[in-house]
Amino acid sequence: MADLDLAPGRASIPRMPDTKVVPERDHRQLRQLITKLSEGIVLIDFDQTILWANEAALRLHGVERQEDLGGDVDGYRRSFRLTFRNNHPVKAGEHPIERVLTGEKPRDVVVEVAPVARPDTTWVHAIRCAVITDADGEPDYLVLVIDDQTDRYEAEDRFESAFNANPAPALICRVSDLCFIRANQGFLAMTGLGRDEVVGHSIYELDILRDVDDRSEALAKLTQGETIAQSEATLLLPDGSSKGVIVAGQPLDLSNERCMLFTFVDLERRLQAEALLRQSEERFSKAFKSSPVALAVAAASSLRFIEVNGAFLALTGFAEDELVDSTPANLRMWADPGTQERLLRELETSDKLTQQELRIRTFDDTVLDGSIAGDVISIDDTRCVLIVLQDITERRRSETELMSAIDAVLADTAWLSRGIVERLAGLRQPNRVAQAGVDLASLTDRERDVLGLICEGATDAAMADRLRLSRHTIRNHLSSLYRKINVTHRGAAAVWARERGITDHASAQRPRKAKKG
């Protein structure tokens, strides 16, 4: 065998003498075998001439004829621009064919290929090169196997773009050596680390699984490329402080390497919010328990007591364990039937209980006059109501006694001035509004008689004797009078009359018309 000098400066490799010709049938059979393969196949002679290419190889270069590949390796270079994935150009002598021709061991390589005439059209080729020998074991020609990786690397490029642009902190760790190969801006911003302090370092140098539940199991799953469930962890920061995070790992393949995508959630804001919530709850609990006002928290849907304070226990007489998880209805706490249903109906359509009076039955069956009010609040996503309960029995008794005294005074107003009567009536009916449209003309003569006698302080018996009517008839006239002038008792009727100039029976009479001459 003779040596063939392939190019200046290149090593020579042994080749069969030029007189030896490979049988045409062997090439034809080989071509028939590889024509329909999905991978591109290019046969190259040792003089770097392109002998043959299948349809897939032509398609992967965007050409229709074998001649369009350039005819030989130098023509191929003139027709297509080759770059590595790191954007460095494939220089002379670096193509797999050229490396094999110089005697190097064949190895796989990934390159980007773009026609010189159409630089915007790019494919990504994974290239394998092999030496085919003849029957005597001598090198015969080279086979270039091209696998189209364009879709895969485009997907990886999209992933890289999304990974880098994602504000959520993330890392990519290579499973084979447990080194970090990617760190996005979100992770760098969260930790304050530089990219060179992360990329190229192992998980033992940058421990992102510190303080996770069962760290050894998480490391075992990482080395096996299995999903790591989310767990709380602690990251040590450059300034010596630490940060609480939630970390989770998801396996993925990146550039034909098994990797683990780690994502993080910064717990700092959540922890701050939880601390503020705890402080707020503590303040509410202290104010709730120490309040002198009877307070209770109950479920808005049923008024089932959840929590009560000491003042509530003192007012009702029940023990805490008797109240909690029970409803006022079950404890017969409301003295009047229908109170529970009325309160629940209001809570169905409103976020508050308007202040209203009710009667409270205590543990020892004492019935108190009370008032209730409340506001709807949310506790653990449950709709609740904060209830304020008051005992107004003493106030009601004082008011009743005051009203009785005023009524007694107003029963005989003949000796009182109009101003005093009005002041007393105002105390008796603080919300009284003078009725527009009601005047003396609407009253019957008998109603005017009764009204005048009221102003004189006459009793029902005195009116009956004076007007020569029965007491029953007098009461009927009083009811009709009260209804017309919108009052409920004698004192208010006397005030109404005095406002219209009536002070006694005579001034209440209807003016008589003069007789015609």
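**View 1. R361, a buried residue without a salt bridge**. In this predicted model, R361 is buried and yet takes part in no salt bridge. D365 has the nearest side chain of opposite charge, at 4.1 Å.

View 2. At 3.1 Å, the R361 side chain reaches the backbone oxygen of R332. Leaving aside residues up to four places away in sequence, R361 touches F318, R332, M333, W334, A335, T366 and V367.

**View 3. An open sheet of five strands**. The strand order is β10-β9-β13-β12-β11, with antiparallel pairing. β10 (179-183) and β11 (228-236) are the edge strands; each has a single partner strand, so one side of each lacks a neighbour in the sheet. From one strand to the next, the twist averages 35°.

**View 4. The pairing of β12 with β13**. Strand β12 spans residues 242-254 and strand β13 spans residues 257-266. Ten bridges join the two strands in the antiparallel sense. A248 has T263 in β13 as its bridge partner.

**View 5. Helix α5 across the strands**. Helix α5, made up of residues 150-165, lies across β9 (170-174), β10, β12 and β13. Relative to β12, helix α5 runs at about 175°.

Note on methods:
Residues numbered from 1 in each chain as written. Predicted model: local features only at pLDDT ≥ 70, side-chain atom pairs only at ≥ 80, totals over all residues. Heavy atoms only, no water. Pairing = 2+ DSSP bridges. Helix = DSSP H or I, 4+ residues; strand = E, 2+ residues; numbered from the N terminus. Axes fitted to C-alpha atoms, helices over the stretch in contact; angles between N-to-C directions. Contact = heavy atoms within 4.5 Å. Buried < 20%, exposed > 50% of the residue type's maximum accessible area, 1.4 Å probe, protein only. Lys, Arg positive; Asp, Glu negative; His and termini not counted. Salt bridge = Lys/Arg side-chain N within 4 Å of Asp/Glu carboxyl O. Polar contact = N/O pair within 3.5 Å; in protein donor to acceptor, adjacent residues only side chain to side chain.
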